[in-house]
Amino acid sequence: MTAVQNEIERRGSRIFELVDKHPEPLFSKAGLYQRLMALSMRDEQFKVQLFRFVDVLPSLRGSSQIIEHLDEYFSDNGFGPLVDAGVRLARIVPWVSGPLLRWNVSGMARQFIAGRNPDDVMATLRKRRAQKIGFTVDLLGEAVVSETDADKYAARYLDLLERLAQETKNWTDPLGKNSELFPVVNLSVKLSALYSQMNPADPVDAIAQLAPKLRPFLGRARELGAFINFDMESYAHKNTTLELFKTILIENEFKDWPHAGIVIQAYLRDSEADLRELIDWGRTRGTRFAVRLVKGAYWDYETTKSLQNGWACPVYFQKPQSDANFETLTRLLLENESIVTAAFGSHNVRSIAHAQALAEDFGIDHSRFEFQLLYGMAGPIKRALVEMGYRVREYCPVGELLPGMAYLVRRLLENTSNEGFLRAKFAENVSAKELLRDPRELIKLNGENPMKSQTTITTQNQHRQNSGLVDTASDDVYRNSPLVNFVYKDSQDKMRSALREVRNRFGEKYPLVIGGEKLWTDQLTPSVNPSAPDEIVGYGSEAGIPEAERAVKAAREAFGKWSRTLVEERARLLERAADIMERRRYELSAVEVFEVGKPWNEADADIREAIDFCRFYADQMRRLGRPKLTQRVPGEESYHHYWPRGVAFVIAPWNFPIAILCGMASAGVVTGNTVIMKPSEQSIVCGAMLMQVFEEAGVLPGVLNFLSGHGSVIGAHLVDHKDVDLIAFTGSREVGLKIWESAGITLSGQRELKRVICEMGGKNAMIVDSDADVGEAVGYSIYSAFGYQGQKCSALSRLILLEENYDRVMERLIPAAASLRIGNPEEPGIMVGPVIDEAAYRRILDYIEVGKSEATLAYQAKELPPQGYFIPPSIFTDVKPNMRIAREEIFGPVLSVLKVRDLDEALDVANGIDYALTGGFFSRSPDNIERVKAQLEAGNVYINRSCTGAIVGRHPFGGFKMSGSGTKAGGEDYLLNFLVPRVVTENTTRHGFAPEQTPEYRDEFLWPRPN
Ligand SMILES: Cc1cc2nc3c(=O)[nH]c(=O)nc-3n(C[C@H](O)[C@H](O)[C@H](O)COP(=O)(O)OP(=O)(O)OC[C@H]3O[C@@H](n4cnc5c(N)ncnc54)[C@H](O)[C@@H]3O)c2cc1C
């Protein structure tokens, strides 16, 4: 054993001895609370229900609501007699049990919250002072969704600072040594509370907005002799937080101020590089600064979020890796003690003893660094550290119960976590020796990602590259292409450079592609940049009837061979196209930013969707492509399989200009049809890019044809064409219904009954229940309604609020809308860009006038860019279900708010409409959630999240009623729409003798047989 390990064990054992002198259970509050926590640690399902109940409780009004929720969360869940008896009893006397429950949960929260307000907290701080424990105070608050919220927060921080300075004027340093490094007043600040529009893609904007808010605050702290710590939040904000800290503290006013600190999270893989950079920066700056080293509070969030988006996970997967890294960073901090003051934020005795042993080894005095622990946790450890002569500071959250719940739930999770030190020591009595082991010894080589087993996303066998005939089906869950993570500077730089390159090609002319030949026609259609309509992104060649005829002929000719091409070969074509789009990802996104006004992340999501369509449909076709035995019967075999339909005509909209075009075209091609694809007139360049991708992927002449032109000319002609067998359309209801009707007429010489895949619009509703989390409901509603200017068919356009919650939601909804960043989406972090063209611009403005005449314009943005088709985000209230703005699709940033009595009425209003595309519900009532899942009429129902952003394979997308013919793009059954089923039966008996084995799958029926 090394000398350091010896010393760690010696010191750790000493801490444990002192801790055991004043034994305290993990949860210091006795009675019910302890029993609940013990049950939570034994039963994961109970823990989930309990924490959810705790989360909703403060927002419930009245005893009956509380009891209803209690019932929904806990009765009949098999949690045992104690819980059942409690629920029964609560039902009998609700007027007693409601308040009692609230009181108990408030008690739980009070255990972790040091005070409601600055006055309240002083009592706690004085008590701690008597125990020689310092403080850092943090303000709890609801999620900041608007600049109004952010301004309120800033004012509260300032008030808190003044009060603390005033109240602690005569306080002295508990150790009386090196006190100049550790001001008595210490405040912890969260940047996301000060600016509502922080966007990881745009650190420059965040810094520009935050620095002016912080300067007066930091200046005042300096005057008052206080210390300010920048807390660290989720990974998305990490780089901005570090950058802002470095930017502001190098300014003349603060360059020589030593009383600012920042947090480094050891669970992050980046943390060592960040800390080294920070130390180099500090050395150049020449003034001390402080670092609070922690492991990190958002482990579950970071792993879930990165898994959902397919991102490299920023945190370690194994707990001992975080512990070991904490020790590496401890060493780095202590080695640089001359420039950085260290605070070790941990309750783990091993991590603490390691810091002590190392400091001792380096000859650093106890008083030159500190240990920081959370209020309400690990009391005996704090006491032990004080007894050992160390500097101890407590992190004291201050705030009301409602915003305190999120914090309470985080602490409860931490305390009951299987991996946590506190649980091991105080609840499970793990031995001191075990708890003091070197974490490096505990790291498992090739350690598994523990989340993997909990998720439906698997990495195995995704888009397989096997050769020859397909002999196995891919039963695996499809794994989506990752979104670009704009948190990285490298991604931001790549996007900027792609935007520059694409701009250099403005004005290029793009050909039609028919039968593999490029054709430039005399008539050109300009495609303009809606943010700057005098800029022409490119020109599309305009096809007329002769070109349309040529395209049908080419497609028809190619069909014979393509329909008899091996499924595997067709699938691989799509996979090659996906790989090319992956390679050209930033470039394609940049084209979308210019041509259709998509913000960066929306453009990237579109390209990702196109890639997913290709890979997902390739997998699906492999599954469908093999003739499958219908039943196992002796002497006969019947194989069910599919044939393509013929020539498919694909008509796509401009709002997902590559994804939707690619989805329909790739489905057509992979199923063995030949395809004529017509992009929207507003997104010809995007369409031409997709054609380039398929050409490079090696599509055979005539299999995919690119025909840009006017829908009214070539569109109508081809829909009515006798040689077109299938029409795949996504667009407006008006055009969709016409196509549906025309395709129903059988023409002379027509071979097939035409199949129409018709995806149309929506008038999507989001219902907000009376117990909903208002911050979340507002944040997601704003994004669903105004993201990409409301030009998604899934966008929210009717917000239905239960009257009980109406004022609370509106109070935050309007400021949130008023805080949105509107502008040219070439800039990162813009949420609202221009609408697609002048016609849309005029139409939406007309709708706003209709709204003004029918309802009340409650909000409209005032400042818009001077040029471009920018529509001010607008919110109407007093909207009634029969009004035009509540019934007609507007396709722009216009939101109608409808007030209803209860959930019955909410569902009547939501369903009482022609459309059924997407719908959403915000609630924390399990019963109401179940009811809405069952009754909301929409193709895609979303609970407690935005109603936009469907992901291929995960959220197969499409509606019914007047929203569409009931197909699901990106779903398992989508390709069937492009196929006709066929069954081949053979009597395999010869003179009573029949083979014993019949394979479940067989090779495709192809003649002549492929080599
Ligand atoms: C005073 C103070 C201030 C803090 N400020 C912040 C802050 O600004 N920002 C912030 O993010 N955190 C902050 N924290 C840290 C956080 O809230 C937790 O309290 C802390 O991570 C718990 O670590 P521990 O060493 O006490 O406990 P331990 O039980 O030793 O460690 C638990 C931690 O290990 C990590 N972990 C858990 N499971 C795994 C796994 N499977 N793989 C890898 N790692 C895992 C997580 O970080 C978890 O919190 C602060 C903590 C304190 C005490």
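Reply: Let's start with a charge and a ring: the charged end of Arg 156 sits over the ring of Tyr 153, 5.4 Å from the ring's centre. There is another arrangement of this kind to look for, where Arg 733 lies over the face of Tyr 915, at 5.3 Å from the ring centre. Please keep in mind as you look around that this is a predicted model.

Now for rings that meet other rings. Counting rings whose centres lie within 6.5 Å as pairs, the count comes to 29 aromatic pairs. One of them joins Tyr 73 and Phe 74, with 6.4 Å from centre to centre and 45° between the planes, so the pair is tilted. Tyr 73 and Phe 74 are both buried. Another pair is made by Phe 371 and Tyr 390, whose centres are 5.5 Å apart; with 75° between the planes, this one is edge-to-face. Here the pair links distant parts of the chain, 19 residues apart. Phe 371 belongs to strand E7 (residues 370-374), while Tyr 390 is in the loop between helix H15 (379-387) and strand E8 (392-398). Both Phe 371 and Tyr 390 are buried. Rings can also gather in a group: Tyr 478, Phe 613, Phe 616, Tyr 617, Tyr 974 and Phe 978 form one aromatic cluster.

Next, the packing of two helices. Such a pair is described by the angle between the axes and the distance between them. For helix H22 (residues 567-583) and helix H26 (residues 684-697), the axes come within 8 Å and cross at roughly 125°. H22 and H26 are therefore oblique to each other, and their crossing is right-handed. On the H22 side, the residues that meet H26 are Leu 573, Leu 574, Arg 576, Ala 577, Ile 580, Met 581 and Arg 583. Their partners in H26 are Leu 690, Val 693, Phe 694, Glu 696 and Ala 697.

Finally, take a look at Pro 657, in the loop between strand E16 (647-651) and helix H25 (659-670). Is Pro 657 buried or exposed? Its relative accessibility is 1%, so Pro 657 counts as buried. Leaving aside neighbours within four places in sequence, Pro 657 is in contact with Glu 592, Val 596, Lys 598, Asp 606, Ser 683 and Cys 686.

How values were computed: Residues are numbered from 1 along each chain as its sequence is written. This is a predicted model: local features need pLDDT of at least 70, side-chain atom pairs count only at pLDDT 80 or more; totals for chains, interfaces and linings use all residues. Side-chain values use heavy atoms; hydrogens and water are left out. Rings of Phe, Tyr and Trp (its six-membered ring) pair if their centres lie within 6.5 Å; planes under 30 degrees apart count as stacked, over 60 as edge-to-face and the rest as tilted. Buried means under 20% relative accessible area, exposed over 50%, partly exposed in between (1.4 Å probe, protein chains only). Helices (H or I, at least four residues) and strands (E, at least two) are DSSP runs, numbered from the N terminus. A charge sits over a ring if NZ of Lys or CZ of Arg is within 6 Å of the ring centre and within 35 degrees of the ring normal. Axes are lines fitted to C-alpha atoms, for helices over the stretch in contact, and angles run from 0 to 180 degrees between N-to-C directions. Angles under 35 degrees count as roughly parallel, over 145 as roughly antiparallel, 65 to 115 as roughly perpendicular and the rest as oblique. A crossing is left-handed if the near helix is turned anticlockwise from the far one by less than a right angle, and right-handed if clockwise. Contact means heavy atoms within 4.5 Å.
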